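Here's a quick briefing to keep beside the viewer. Have a look at the fold before reading on.

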Amino acid sequence: APCLFLGCIGGYVFASLWNMYQPFGIYVPCTNYALLGMAGVMSGVQIGNQHFFYPERTVTRAELLVMAMNAAGITEVPACYNTGFADDAEIPETMKGYVATAYAMKYISGSIVEGALKFLPNEPITRAQAAVILAGIVGFEDVAVTPTFADGSEIPAWASEAIYSLNAAGIMTTLDGYISASAKLTRAQTAGMLAAVMRYVN
């Protein structure tokens, strides 16, 4: 699983990250970092004696899948040498067990590209794609009342129920009323969603 340094290790607290990014309008709650870091779900990057989170960087499909499964408590998966996807060679060895398990559990379905079923592990994941994976892992049911968004007409039909469910559960929130389903998921957004998933399942 990816090890992205978050939280408090050796007494190091991420208050510095909060102070670093808050002036730029980037909301980086340290409680999310601490929760995910201590659980080994997500972390940052250490360069020298400093730690960086890079909140605005995007997250790949493989990264989101592994982190989401770990956040939901799925941390042990069978070893796998070939996932069956046509682009299996592009999937990191440490992630293949997660990908194969997710496919078997129908958390992911893959994409048909040039006549072949591919996972596209290194492509940045969109908020809509992430919603479908998270909703599948957590096991939400359809919501009774459909939430409304300023850009609700732009939500793909295949992701609508997942987005509605995550929003109702407080896992996928809006910004000024926009859900931004087609936008690439950032690391800051991922941290917030995964922390919410951990609180939800526990």
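What follows is a short tour of the chain, its helices, a pocket and a few loop residues.

Bear in mind that this is a predicted model. The chain has 7 helices and 4 strands, and along the sequence they run α-α-β-β-α-α-β-β-α-α-α. Buried residues come to 47% of the 202 in the chain.

**Overall picture**

- Take the contacts with a separation of 6 or more: 73% of them join residues 24 or more positions apart.
- The chain exposes about 10,200 Å², and 54% of that comes from carbon and sulfur atoms.

- Helix 3 is mostly covered, with 10 of its 11 residues buried.
- Those buried residues are R61, A62, L64, L65, V66, M67, A68, M69, N70 and A71.
- Their packing partners are helix 4, strand 3 (111–113), helix 5 and helix 7.
- After helix 3 comes G73, with a positive phi near 95°.

- I133 sits in helix 5 and counts as buried because its relative accessible area is 6%, under the 20% cut-off.
- Which residues does I133 touch, once neighbours within four places in sequence are left aside? The contacts are L64, L65, Y107, I108 and I125.
- L64 and L65 from that set are also among the buried residues of helix 3.
- I133 and L65 are 68 residues apart along the chain, yet their C-alpha atoms are separated by 7.1 Å.

**The second largest pocket**

- The second largest pocket has a volume of about 230 Å³.
- Its lining is made up of R61, K106, Y107, I108, S109, G110, S111, F119, Q129, V132, I133 and W158.
- By type, the lining residues split into 6 nonpolar, 4 polar and 2 charged.
- Which element gives the largest share of the lining? That's helix 5 (residues 127–138), with 3 residues.

**Helix 7**

- R187, A188, T190, A191, M193, L194, A195, A196, V197 and M198 are its buried residues.
- Helix 7 is also one of the elements that the buried residues of helix 3 pack against.

**Loop residues worth a click**

- K106 is in the loop between helix 4 and strand 3, and its phi is positive, near 65°, in a residue other than glycine.
- S180 lies in the loop between helix 6 (160–168) and helix 7.
- Like K106, S180 isn't a glycine, and its phi is positive at about 50°.
- S180 is partly exposed, with a relative accessible area of 29%.
- E76 belongs to the loop between helix 3 (61–71) and helix 4 (93–104), and is exposed at a relative accessible area of 73%.
- From E76 to Y98 is 22 residues in sequence and 8.5 Å in space, C-alpha to C-alpha.

Terms used: Residues are numbered from 1 along each chain as its sequence is written. This is a predicted model: local features need pLDDT of at least 70, side-chain atom pairs count only at pLDDT 80 or more; totals for chains, interfaces and linings use all residues. Side-chain values use heavy atoms; hydrogens and water are left out. Buried means under 20% relative accessible area, exposed over 50%, partly exposed in between (1.4 Å probe, protein chains only). Helices (H or I, at least four residues) and strands (E, at least two) are DSSP runs, numbered from the N terminus. On a 1 Å grid over the protein atoms alone, a cavity is a set of points where a 1.4 Å probe fits but cannot get out, and a pocket is an open set with protein on both sides within 12 Å along at least five of seven lines; lining residues have an atom within 4 Å of a point. Grid points are joined across faces, edges and corners, and a volume is the space filled by probe spheres set on the points. Ala, Val, Leu, Ile, Met, Phe, Trp, Tyr, Cys and Pro count as nonpolar, Asp, Glu, Lys and Arg as charged, and the others, Gly among them, as polar. Contact means heavy atoms within 4.5 Å. Accessible areas come from the Shrake-Rupley method with a 1.4 Å probe; for residues, only the protein chains shown count as cover.
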